[in-house]
Amino acid sequence: MNDFVFSWLNQYLSKEWAVFFTACLPIVELRGAIPLAIALGISPWKAYLLSVAGNTVPVIPLLLYLRPIRLFLISNSSFMESFFGWLDKRTINKSAQIEKYGAVALILFTAIPLPTTGAWTASLAALLFKIKFRYAFPAIIAGICLAGIIMTILSLTGKAIF
């Protein structure tokens, strides 16, 4: 799947735009965009900047619109109401740790370059743990910047996950 997405983006866009849009994608994010950029011959500094910028783009809409979408789904589907009820109960079990560390937890969660961590998931976590935009946004951006540094180093040393 990732190869298909990368090939399609590279076929129809410049290398730089392919990297930028790859970084916007959920799951792949900059963890896939930076190794892609390095493989395409883009300089590490430019790869970092393009990937961080691309990974930052979805954060504002996610933080602003996930809550209304969630409320819409709950009010229009009994399945979604049950699902989010279950998810809220499960989240409450972890809330003591998140409340203790708050935005720092979001930074670390975003920065760790592993599958299912990153800006998209951190935005969802901010919704579930009711972290306000003014705290969540800078924390997620800081995590993106750290993840970019880590992935650039890993890509240059040949130890990237993707």
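**Burial and fold**

I looked up burial in the protein chain: 39% of its 162 residues count as buried. I note that the model is a predicted one.

I then went through the secondary structure. The protein chain has eight helices and zero strands, and the pattern along the sequence reads α-α-α-α-α-α-α-α. For contacts in the protein chain with a separation of 6 or more, I find that 69% join residues 24 or more positions apart.

**Nonpolar cores**

Which residues touch the most other members of the largest nonpolar core? I read off Leu-30, Leu-106, Ile-140 and Ile-144, in a core of 19 residues. Two or more residues each come from α3 (29–39), α4 (44–56), α5 (59–76), α7 (119–128) and α8 (133–157). I note α8 as the source of the largest share, seven residues.

I picked Leu-30 and listed its neighbours, leaving out residues up to four places away in sequence. Leu-30 touches Ala-23, Pro-35, Ser-51, Val-52 and Asn-55, and also Ile-144, Ala-147, Gly-148 and Met-151.

**α7 against α8**

I took helix pairs next, and two packed helices are described by the angle between their axes and the distance between the axes. For α7 and α8 I have an angle of about 155 degrees and axes 10 Å apart. Angles over 145 degrees count as roughly antiparallel, so α7 is roughly antiparallel to α8. The crossing of α7 past α8 is right-handed.

On the α7 side I list Ala-119, Ala-122, Ser-123 and Ala-126, which meet Ala-136, Ile-140 and Ile-144 in α8. How do the residues of this contact divide into nonpolar, polar and charged? I get six nonpolar, one polar and no charged for α7 with α8.

**α5 against α8**

I record a right-handed crossing for α5 and α8.

Which residues of α5 meet α8? I find Val-59, Ile-60, Leu-63 and Leu-64 in α5, and they meet Phe-133, Ala-136, Phe-137, Ile-140 and Ile-144 in α8. The residues of the contact of α5 with α8 come out as nine nonpolar, no polar and no charged.

**Cross-check**

I compared the α8 residues in the two lists. Ala-136, Ile-140 and Ile-144 meet α7, and Ala-136, Ile-140 and Ile-144 are also among the α8 residues that meet α5.

Key:
Residues numbered from 1 in each chain as written. Predicted model: local features only at pLDDT ≥ 70, side-chain atom pairs only at ≥ 80, totals over all residues. Heavy atoms only, no water. Core = buried A, V, L, I, M, F, W, Y, C linked by side-chain atoms within 4.5 Å. Buried < 20%, exposed > 50% of the residue type's maximum accessible area, 1.4 Å probe, protein only. Helix = DSSP H or I, 4+ residues; strand = E, 2+ residues; numbered from the N terminus. Contact = heavy atoms within 4.5 Å. Axes fitted to C-alpha atoms, helices over the stretch in contact; angles between N-to-C directions. Parallel < 35°, antiparallel > 145°, perpendicular 65-115°, else oblique. Left-handed = near helix turned anticlockwise from the far one by under 90°. Nonpolar A, V, L, I, M, F, W, Y, C, P; charged D, E, K, R; others polar.
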